[in-house]
Amino acid sequence: MDCLGTTFAALSDPTRRAMVERLSRGPASVHGLAAPFALSQQMISKHIACLVRARIVIKTKRGRESVCTLRPEAIKTVSDWAISYRQFWEESFDKLDAVVKQMKKEEVGDDRKHG
């Protein structure tokens, strides 16, 4: 099973990303997670189940209430993957910056010739 793919699939939905963002501030009850959304309890449960299957969230029972907790190591996997591309993007932006500077330099030269 592709753990990173499962994580990205779970995070592809804006509702689930909002839930993860909320859980980044600490555990929350299922009711608390559902509050900001105009969704049925069944849809909320499906979103939470997806996050649990992706191992992003742990859901535990506390008495009659279910509480969700973020597993930061799941998000770290995504972060580690993205960081691996950092050098590529930095080099690409440096090249783009050089091209833009060269274009501006040429533009100034053209303005002087025609001005």
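**Exercise 1. Determine which residues Leu51 is in contact with, leaving aside its neighbours within four places in sequence.**

Solution. The model is predicted: local features need pLDDT of at least 70, side-chain atom pairs count only at pLDDT 80 or more, and totals for chains, interfaces and linings use all residues. Residues are numbered from 1 along each chain as its sequence is written, and side-chain values use heavy atoms, with hydrogens and water left out.

Step 1. Contact means heavy atoms within 4.5 Å.

Step 2. With neighbours within four places in sequence set aside, the partners of Leu51 are Ala10, Arg16, Met19, Val20, Ile56 and Val57.

**Exercise 2. Describe the largest nonpolar core and state which elements give two or more residues to it.**

Solution. Step 1. A nonpolar core is a set of buried Ala, Val, Leu, Ile, Met, Phe, Trp, Tyr and Cys residues joined through side-chain atoms within 4.5 Å. Buried means under 20% relative accessible area, exposed over 50%, and partly exposed in between (1.4 Å probe, protein chains only).

Step 1. The largest such core has 21 residues, and those with the most contacts inside it are Leu23, Leu33, Ile48, Leu51, Ile56 and Cys68.

Step 2. Two or more residues come from each of helix H1 (3–11), helix H2 (14–23), helix H3 (30–34), helix H4 (41–53), strand S3 (65–70) and helix H5 (72–83). Helices (H or I, at least four residues) and strands (E, at least two) are DSSP runs, numbered from the N terminus. The most is given by H4, with 4 residues.

**Exercise 3. Locate Pro27 and Arg55 in the chain.**

Solution. Step 1. Pro27 is found in the loop between H2 and strand S1 (28–29), and is partly exposed, with a relative accessible area of 45%.

Step 1. Not counting residues up to four places away in sequence, Pro27 touches Arg22, Val67, Cys68 and Thr69.

Step 2. Arg55 lies in the loop between H4 and strand S2 (57–62). Although Arg55 is not a glycine, it has a positive phi of about 65°.
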